[in-house]
Amino acid sequence: MEEIKDIKLETETDLDIFGNTAKIKIIVTPDKFYVIPEQGLQEKISFDLKRIEGFNIRQTVGSAFFQIKIDGQYIDILRFSNANRYKFTRLITQIQNLKAGLPFSNEILNQPHPLLCPKCGFPLQTEGEKCQNCLQQGAILLRVFSLLSEHIGWIFIIFFLMIIGVVLSLVPPRITKILVDEVLTTKKHVDWLPYLVIILIASEFIRAQINMLVGTISTSVGTLITNSLRKKLFEKLEELSLNYYDINSIGTIMTRFSSDVEAFHGFVTQAGQGFLLNIFMLIGIGIMLFSINWLLALYVMIPIPFVIFGTLIFWRGVYPKYFKVWDSQAKLSTFLNNVLSGIKTVKAFSQEEREFKRFTFYADNLKDTVRTVNINISVFNPLMTFLFGLGGLIVWYAGGKNVLEGKLTLGELMAFLSYIGMFYTPLTHLTLLSTWFSNFTTASHRIFEVLDTEPQVKEPKKVVKIARLKGEIEFKNVSFGYDPYQPILKNISFKIEPGETVGIVGKSGSGKTTIINLLCKFYDIQEGEILIDGKNIKEITSYELRKHIGLVLQEPFLFRGTIAENISYGKPDATFEEIINAAKIANAHEFIMKFPNGYDTLLGERGAGLSGGEKQRITIARAILCDPPILILDEATSSVDTESEKKIQDALSALWKGRTTIIIAHRLSTLREADKIIVIDNGRVVEIGNHMELMEKRGIYYNLIVMQTQLASIDGALIK
Amino acid sequence: MNPKKEYLTPENIKIFKGEFNTINVYLVEEEILYKGVFVVSCFPISNPYNFISIFYQKETGEVEEIGIIKDISIFSEEEKKLILETLNKHYFSYEIRRIIDIRWKFGFLLFVVETDKGERQFYLKWERSRAIEIGKRGKILIDIFEDRYVIPDVQKLTPIEKNLFTRFIYW
Ligand SMILES: Nc1ncnc2c1ncn2[C@@H]1O[C@H](COP(=O)(O)OP(=O)(O)O)[C@@H](O)[C@H]1O
Ligand SMILES: [Mg+2]
């Protein structure tokens with residue numbers, strides 16, 4: 001093998017080109033690119049760096065190919081599993097730097113994956129996040145306790161009351177002993193009878209009071225904590241960037257609110273009434289048993305291993321079955337939700353029967369899982385009762401013998417038996433402690449996970465108030481991809497002067513909405529900069545920025561409430577006059593007035609009761625009402641008929657002077673009067689100019705216009 | 001691409017080996033040669049070997065469909081072999097043969113498994129969307145790096161493995 005000198009970059013991949021596990025070295029020197037297989041079926045090859053025209057990564061399902069471009073053709077020369085992808089994206093940059101004579105680094109190629117904690121190798125939720133594992137197991141508990149610490153006073157009171165309660169519940173058997181030994185059998189102190197009964201009543205009464213108090217207090221504290229937790233969660237969810245919602249389904253987020261917060265609540269109340277109480281009980285009763293007769297107490301311990309063992313085995317088996325019950329419940333309700341909201345479609349396609357069959361499937365599934373769990377429980381409970389009873393029987397026998405031999409009084413035996421009755425139940429609870437506890441940590445972990453998520457869009461440290469924007473917008477070499485590996489916008493540059501009306505056109509999927517998403521800071525750009533009034537939007541908080549932008553989306557979203565409330569959503573203190581004016585500009589006034597209740601018409605969920613075009617006009621009015629210096633209509637008039645669309649735009653240009661307006665429209669005819677039209681194709685700006693200029697150019701815009709004119713004349717409508 | 005284009009058949013395309021383990025496609029009527037094409041199944045799970053789409057990569061790196069092969073069996077053995085080889089190159093997964101251990105920690109499952117490509121460990125985010133059904137009884141597990149691990153039939157796991165598996169992946 002020839003010796004390779006002057007190695008600049010070196011790394012390795014885990015697959016050969018055919019998808020076998022392999023070890024293949026990649027070495028780059030100042031003028032050559034080597035592929036050196038140490039394992040696998042691939043051949044060794046090398047290329048002159050000069051001959052390579054470009055690099056690319058072609059993602060396939062489950063793995064990806066590293067490509068080089070030679071003679072205008074991309075060739076797969078290496079393959080790697082997704083776990084190694086980061087290496088090769090880095091490799092491309094490093095080779096390009098090397099070729100261009102810029103500084104490069106070999107180290108960066110062979111660092112561990114950015115999704116793994118560099119210290120312990122445990123996965124991170126997102127790159128650069130704190131490692132849950134390094135935060136240590138106890139960290140979660142610490143945080144829970146920090147949440148509890150606000151209520152520390154109450155928690156101490158609960159503790160104190162609980163101990164009194166336990167002590168009180170130990171009293172009655174003691175009294176019973178005295179009653180039997182001193183009063184009933186020996187008749188030494190017959191006159192004690194009424195007093196002893198009074199003590200019994202009193203202790204029971206006080207214990208009931210204390211239990212009531214403990215219950216009330218711990219429930220209040222529990223609801224207080226969960227309530228503040230819910231509020232924190234909601235605040236966080238509002239703060240998070242849109243990409244969080246791309247990744248997480250609304251369903252999972254809702255679970256955080258309902259079941260996870262509930263589990264948390266469960267812990268707080270359980271910790272008070274279940275767990276701690278049981279420990280105190282166990283200790284208290286243990287002391288009592290041993291103080292009466294240690295030998296007999298030892299007998300009582302005999303069934304303990306069986307109780308613990310049985311409980312554990314049972315939960316091992318039953319617990320997963322509970323999961324299945326929850327799962328089939330969730331599936332059934334998702335199914336119902338889905339079918340009922342699409343009931344029109346179901347009926348339109350006459351698929352009722354098929355949906356019924358599917359429903360039957362989910363319903364039967366739920367029935368089966370519930371039955372399994374319940375059968376398990378009904379077998380388990382009697383078995384456990386039998387085990388508990390066993391302890392009692394041992395005491396009856398051994399204790400009874402002792403009483404007959406005079407080593408134990410009858411009262412002591414009676415007390416003993418009552419204590420045993422109280423002994424085993426706490427034991428089963430404590431056995432399940434670890435299961436219950438791990439559920440709780442999972443739930444709290446999921447809650448903290450949301451609370452700890454950093455919004456993807458970074459906000460500037462310093463908040464600068466903006467008085468009023470002029471509305472100048474500039475994109476400078478902006479590149480962006482929702483998945484950083486797959487750029488959607490490529491090196492976009494354009495400038496919009498204050499007060500201009502600008503159209504953005506391009507095929508669907510070409511990246512028009514993405515441009516708007518970046519302008520509104522819903523996502524952070526990866527390269528280049530966006531300037532508004534000459535200021536980089538990275539230095540403006542998104543809250544401040546969006547106050548100055550009126551955005552109308554393609555999908556109109558209306559909240560439940562009146563039309564007036566919906567129009568004034570962004571400015572709740574708007575006057576009646578302002579609301580009507582905005583509706584007039586949006587060409588919505590006319591149809592609103594046709595409703596008997598006019599602007600006070602109540603809309604259903606998502607604006608039910610209005611047509612698509614009507615909803616859109618209300619959302620336009622909503623944006624106009626805020627009087628923003630920049631107004632963006634993203635296909636906001638696509639469901640409006642051509643005539644109304646024209647009216648809206650005329651009204652906008654007449655009443656909306658001096659504001660920058662960006663219009664993304666599908667019908668190009670409506671953009672004729674725009675000051676500037678930006679044509680996007682495949683994430684690139686391909687043409688900029690006004691209608692006349694672009695028509696003369698006979699480029700993409702011209703073709704789009706011609707195509708739409710033809711389509712329109714096929715429809716029989718004449719383009720004026 | 002012309003959407004009305006008929007399906008690709010041995011009459012209208014020729015498939016042959018190119019440089020560097022690639023395959024090339026020649027459109028007979030149009031007299032166009034596409035080098036280094038790749039193929040993708042339209043229904044990778046329900047009907048993987050029919051309706052195979054052929055793509056080529058433009059100079060810009062973007063890809064475009066040439067056409068669809070509806071029925072691969074009408075091609076010559078040699079062409080068939082080339083297509084299937086290239087098709088298999090498009091998909092990559094580890095097939096799980098044995099589950100050695102699964103451990104839960106902070107919302108992740110650490111799997112230790114024996115696969116067709118040797119023993120492996122991987123972390124799975126404990127979320128429904130990360131373990132999805134394939135076929136009637138199989139599951140695909142998608143690990144934190146988006147690598148794919150396939151269990152062809154969960155019912156065929158040993159009782160101990162199945163118990164361990166369904167304790168965490170119960171959906
Ligand atoms: N939230 C998202 N996550 C991932 N990809 C997205 C997202 N939104 C849009 N895309 C993709 O980005 C591309 C451009 O989309 P978009 O800007 O909405 O196009 P347009 O508005 O021009 O129709 C499309 O290929 C689309 O699939
Ligand atoms: Mg769009």
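A salt bridge is a side-chain nitrogen of Lys or Arg within 4 Å of a carboxyl oxygen of Asp or Glu. One more thing before you start clicking: what you have open is a predicted model.

**Stop 1: a pair that links the chains**

Select B:E59 and A:K69. They form a salt bridge, and their closest N and O atoms are 3.9 Å apart. Why does this pair join two chains? B:E59 sits in the loop between strand 4 (52-57) and strand 5 (63-69) of chain B, while A:K69 belongs to strand 6 (residues 63-70) of chain A, so the pair bridges from one chain to the other. In general, side chains of opposite charge can pair when their charged atoms come close. How many salt bridges are there between chain B and chain A? The count is one, so you are already looking at it, given the cut-off of 4 Å.

**Stop 2: the rest of the interface**

Now colour the two chains separately and look at where they meet. Here 37 residues of chain B are in contact with 50 residues of chain A. Together the chains bury about 4,000 Å² between them, with 59% of it on carbon and sulfur atoms.

Between chain B and chain A, 10 residue pairs are in polar contact, counting pairs with both residues at pLDDT 80 or more. To see which parts of chain B touch chain A, highlight strand 3 (32-41), helix 1 (77-90), strand 6 (94-105), strand 8 (118-125) and helix 2 (159-168); each supplies at least two residues of that side. Sorted by class, the side of chain B that touches chain A has 14 nonpolar, 10 polar and 13 charged residues.

**Stop 3: ligand 1**

Zoom in on ligand 1. It is surrounded by 12 residues, and the closest are A:G509, A:G511, A:K512, A:T513 and A:T514. Which helix gives the largest share of this shell? Select helix 13 (residues 512-519) of chain A, which brings three residues.

A polar backbone atom of A:G509 is 2.7 Å from an oxygen atom of ligand 1. For A:K512, a backbone N or O atom lies 2.8 Å from a ligand 1 oxygen, and for A:S510 the distance is 3.3 Å. On its own, ligand 1 has 560 Å² of accessible area, and the protein covers 60% of it. Finally, colour the shell by class: three nonpolar, six polar and three charged residues.

Key. Residues numbered from 1 in each chain as written. Chains lettered and ligands numbered in written order. Predicted model: local features only at pLDDT ≥ 70, side-chain atom pairs only at ≥ 80, totals over all residues. Heavy atoms only, no water. Contact = heavy atoms within 4.5 Å. Buried area = accessible area lost by both parts, 1.4 Å probe. Polar contact = N/O pair within 3.5 Å; in protein donor to acceptor, adjacent residues only side chain to side chain. Helix = DSSP H or I, 4+ residues; strand = E, 2+ residues; numbered from the N terminus. Nonpolar A, V, L, I, M, F, W, Y, C, P; charged D, E, K, R; others polar. Near = heavy atom within 4 Å. Areas by Shrake-Rupley, 256 points an atom, 1.4 Å probe, with all protein chains shown as cover.
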